[in-house]
Structure formats: structure tokens, C-alpha cells
Amino acid sequence: MSFPTIFDWLERLQGLRGFTAAYVVLITAVLVVIIWDWRVALAALAAQYFFAGLLFVDLLDPRLAMVKLLAGWFACLILYFTARQVNWGGRPEDVSAHELDNVAPEKMFQVGPLRLSASLPLRLLLVLVMLGLIASLFQRPDFALPAIADTMSYLSLAILALVGLGALGLALTSEPLKAGLGVLMFMTGFELFYSALDQSATMLIILAAVNLGLAVIVSYLVQMRHAIPALVD
């Protein structure tokens, strides 16, 4: 029995492509912005890269689209191990409570089994405003992104969602990991748009390297941010 090829998998995933993939990308982008729990946000980003990969297939050779997907998942893996090293943003195991007296934690409140950020209502409001702007722009009859065919308008929706919500996610937090997730979403939107203009393998490799570089930078900033309390005497 032969192992399925990329083209076999794409045929099996046909029902998830097009507007379905664009809507899932939009939903995961919303989750990354409003959910404070790093585990959920990283899982949403990993799922977003998968469905963004299905969108890249409409612009690139499937084997090149796979490179985009793998680069995104490697970035998620880097951030996952970093998040574990800093105890998912909580108090490190080797740091006592009194060492964090000078550090102002994110205010949280409990809703059943969930711990939610106190800034969640503001995030929800701003996300709704951004979604309204995206919807109004997308539904304009004269709206069209350069190099995006009318038959692939779902790509425009995904690009608007990733760029708009990515920028919003970056603006709403000073936490390096959450801000980094916003930057990575923005980059995915930019790459989708750029892939419609230029399908060269060289630029694909450069942009994939930029993604991984950003993940490494975010990882370093997260470790520095959460190592500082350990130095407080």
C-alpha cells in the first residue's frame, strides 16, 4: 500500500478549502486575540497555520504551500517549548511568591473551570469593531485586493482578518508571547497577499526564515521577561 501524497491529502480535504478555510482562519484569529490562556492561543495558531496552508495551495504549488505550513508549525513548536519553560506565564517553580511582590500580574477572574483575563470585555469590544470594519470593507462591491481574482474572494477575507486582527493583537498587550502571536498572524496575512503577487521559491524561503526568526526573537523576549522576577531579591 502506497503512502498518500500531498495531492491525495488535498483531494480528501477538498471540503475544507475555500471559504471554509477562510472562516476558520478568521475564528482562530479571534481566539488568539481574546483568549489569554497561552495553551489555547498556541493551539488556535497551530490550527490557523493548517487552514492558511489550504489557502496557500490556491496560490502556490502544493509542495511550496507545505513549506509555509511546516514553517508555521515549527514557529509554534518554538513558542510551545518556551511557554513550558516559563510555566505558561505563571510563577516559575523555582521562584517564591515574595520575589514577585514588585511584579504586577495580569488581573484574572474565575468563570467555572476557566481563568479569564480582566481585559477580556475590552478585547471583545475591539475585536467586534475590527470584525465590523472587515465585514463592511469585504462586502463593498468595489473592493478588491490586487492580484486576487474575484473567484477567490475568500483569500481577501482571510488576508483582512489576519492583518487586521494580528495588528490588533499586537496593540492590545505588552506580554511578549501574546504580542508575538499577533505579529505572526500579521505575517501570515502579508505572506498570503504577497504570494498572489510573487510565487518565487526564493521569496518563499526568505519569508519562511523571517517567520522562524520572529519566533526565536519572541521566545527570547518571553524568557527575558519571565526571568527578571527571579532576579528580584
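Trainee: Which residues of H7 do the residues of H3 meet?

Mentor: This is a predicted model, in which local features need pLDDT of at least 70, side-chain atom pairs count only at pLDDT 80 or more, and totals for chains, interfaces and linings use all residues. Residues are numbered from 1 along each chain as its sequence is written, and side-chain values use heavy atoms, with hydrogens and water left out. Helices are DSSP runs (H or I, at least four residues) numbered from the N terminus, and contact means heavy atoms within 4.5 Å. From H3, Trp38, Ala41, Leu42, Leu45, Gln48, Tyr49, Ala52, Leu55 and Phe56 take part, and they meet Leu177, Lys178, Leu181, Leu184, Met185, Thr188, Glu191, Leu192 and Ser195 in H7.

Trainee: At what angle do H3 and H7 pack?

Mentor: Axes are lines fitted to C-alpha atoms over the stretch in contact, with angles from 0 to 180 degrees between N-to-C directions. The two axes lie 11 Å apart. H3 is therefore roughly parallel to H7, a label for angles under 35 degrees. The angle between H3 and H7 is about 5 degrees.

Trainee: Are H6 and H7 roughly parallel or roughly antiparallel to each other?

Mentor: The axes of H6 (residues 153-171) and H7 (residues 176-197) come within 7 Å and cross at roughly 155 degrees. Angles over 145 degrees count as roughly antiparallel. H6 and H7 are therefore roughly antiparallel.

Trainee: With which residues is leucine 155 in contact, leaving aside its neighbours within four places in sequence?

Mentor: Leu155 is one of the H6 residues that meet H7. Beyond its sequence neighbours, leucine 155 is in contact with Leu55, Leu59, Ile148 and Leu192.

Trainee: Is serine 156 buried or exposed?

Mentor: Serine 156 lies in H6 and, apart from neighbours within four places in sequence, is in contact with Phe138, Phe143, Leu145 and Ile148. Buried means under 20% relative accessible area, exposed over 50% and partly exposed in between (1.4 Å probe, protein chains only). With a relative accessible area of 5%, serine 156 is buried.

Terms used. Helices (H or I, at least four residues) and strands (E, at least two) are DSSP runs, numbered from the N terminus. Angles under 35 degrees count as roughly parallel, over 145 as roughly antiparallel, 65 to 115 as roughly perpendicular and the rest as oblique.
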